[in-house]
Amino acid sequence: MANVVVVGAQWGDEGKGKIVDWMSIEADVVVRFQGGHNAGHTLVIGGKVYKLSLLPSGIVRPGKLSVIGNGVVIDPHHLVNEIAKLRGQGVEISRENLRIAENAPLILSLHRELDALRENASEGTKIGTTKRGIGPAYEDKVGRRAIRVMDLADLPALGDKIDRLLNHHNALRRGFGLTEFTRDEVYGELASVADQVLPYMDNTWMLLDDLRRAGKRILFEGAQGALLDIDHGTYPYVTSSNTVASNAATGSGLGPKAVGYVLGIVKAYTTRVGEGPFPCELHDETGRLIGERGHEFGTVTGRPRRCGWFDAVLVRQTVKNSGIDGIALTKLDILDGFSEIKVCTAYELDGEKIDYLPASQAAQARVKPIYEVIEGWSGATGGARSWAALPAQAIKYVRRIEELIGAPVALLSTSPERDDTILVHNPFQD
């Protein structure tokens, strides 16, 4: 039985939450391996809506262990609030079903403030971040000054660590003309939440290795999308971590051989939140209609998502960057009723046809989509649970996507509801 990595194969918001929840039926463990509470996963189960941003999607399914890995940056106050909110919806959360890596870095108030200061400083430097401190927290991790979950267990030793952190941050704050943080302020922020976080702390890499060796099935859940990867995305309009599948090993503490099947989540059209290039973006009534039908608003930010036709060039690229074995195609039902549908098969750059997105920011802004027009369908795909229930032309559209991206469809999602899913191939069976 293969352990499965689920990654977004576009700019995020592809529907990873539902797919992870659906696949967790066969998983024993669900692991978040990167990102922070800038992720937004919406689950609809029996008409009840759960909105997650830091906790793994498997947390809503009884009998499964959820793990927040070392590759995640954790806002401890948000974590406590998210746990409380889910408990209010009837979800049981305890050490029995949630563990947090002891070496995961923490997000503090000073990270959130710095993130917002930078984002608001100038129009020319906007990235489109959620202003939740994700980037600055990762900077401190790489700069070897982060305060981590394990430090909450040794509060008397925090003084020197806080001083090292503030040597960096207070210099930045002076540059912005702001008052400096004191050691006592940061200490108080950490001490106020320590007792609520520490019950979940664990040596998760060892725990996961033991579970893997015992034959337990592990589902690795990514946040954001591969096109927001710090190395392989549309830099600098990216997130601050590696979102491609290979980071599932690093971000959980397991070796690369623990990763088996890579499932890429792909929306039947394309959306993006925030700044950055978007070759297939539609600024017309069609784009507005897709956004309206698809309820395209960010789970975390509430910002309207930019919408466009399916971009096979980008997905083909992420299939290669993440080693995707198969895809879960979501939101096919949003395209119901269109007389024709366009798919981007290549780009034009300065009069030349290319089949990839260039790494250069300037070149990315100049590429123009080359479209193939596909006949639409009048029947409904929403709620379909078998191929036989799909209009013939919808099936042709799916097959054409498979051809263009070089990966087969393993799952087809036809609504936000958990059970409205067509299984073509079970990734856990590889």
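Hi everyone. Let me start with a term: a cavity here is a set of grid points where a 1.4 Å probe fits but cannot get out. And please keep in mind that this is a predicted model.

So, how many cavities of 30 Å³ or more does the structure hold? The count is 1. The largest cavity has a volume of about 40 Å³.

Which residues line the largest cavity? If you have the structure open, look for Leu-110, Leu-114 and Leu-117, and then for His-169, Leu-172 and Arg-173. Two elements each give two or more residues to that lining: α3, spanning 109-121, and α5, spanning 158-175.

Helix α6 covers residues 183-197, and α5 packs with α6 at an angle of about 120 degrees, the axes being 10 Å apart. What do we call that arrangement? Angles of 65 to 115 degrees count as roughly perpendicular, and over 145 as roughly antiparallel; α5 and α6 are therefore oblique to each other. As for handedness, the crossing of α5 past α6 is right-handed.

Now for the residues in that contact. On the α5 side you'll find Leu-158, Gly-159, Asp-160, Ile-162, Asp-163 and Leu-166, and they meet Arg-183, Val-186, Tyr-187 and Leu-190 of α6.

Key:
Residues are numbered from 1 along each chain as its sequence is written. This is a predicted model: local features need pLDDT of at least 70, side-chain atom pairs count only at pLDDT 80 or more; totals for chains, interfaces and linings use all residues. Side-chain values use heavy atoms; hydrogens and water are left out. On a 1 Å grid over the protein atoms alone, a cavity is a set of points where a 1.4 Å probe fits but cannot get out, and a pocket is an open set with protein on both sides within 12 Å along at least five of seven lines; lining residues have an atom within 4 Å of a point. Grid points are joined across faces, edges and corners, and a volume is the space filled by probe spheres set on the points. Helices (H or I, at least four residues) and strands (E, at least two) are DSSP runs, numbered from the N terminus. Axes are lines fitted to C-alpha atoms, for helices over the stretch in contact, and angles run from 0 to 180 degrees between N-to-C directions. Angles under 35 degrees count as roughly parallel, over 145 as roughly antiparallel, 65 to 115 as roughly perpendicular and the rest as oblique. A crossing is left-handed if the near helix is turned anticlockwise from the far one by less than a right angle, and right-handed if clockwise. Contact means heavy atoms within 4.5 Å.
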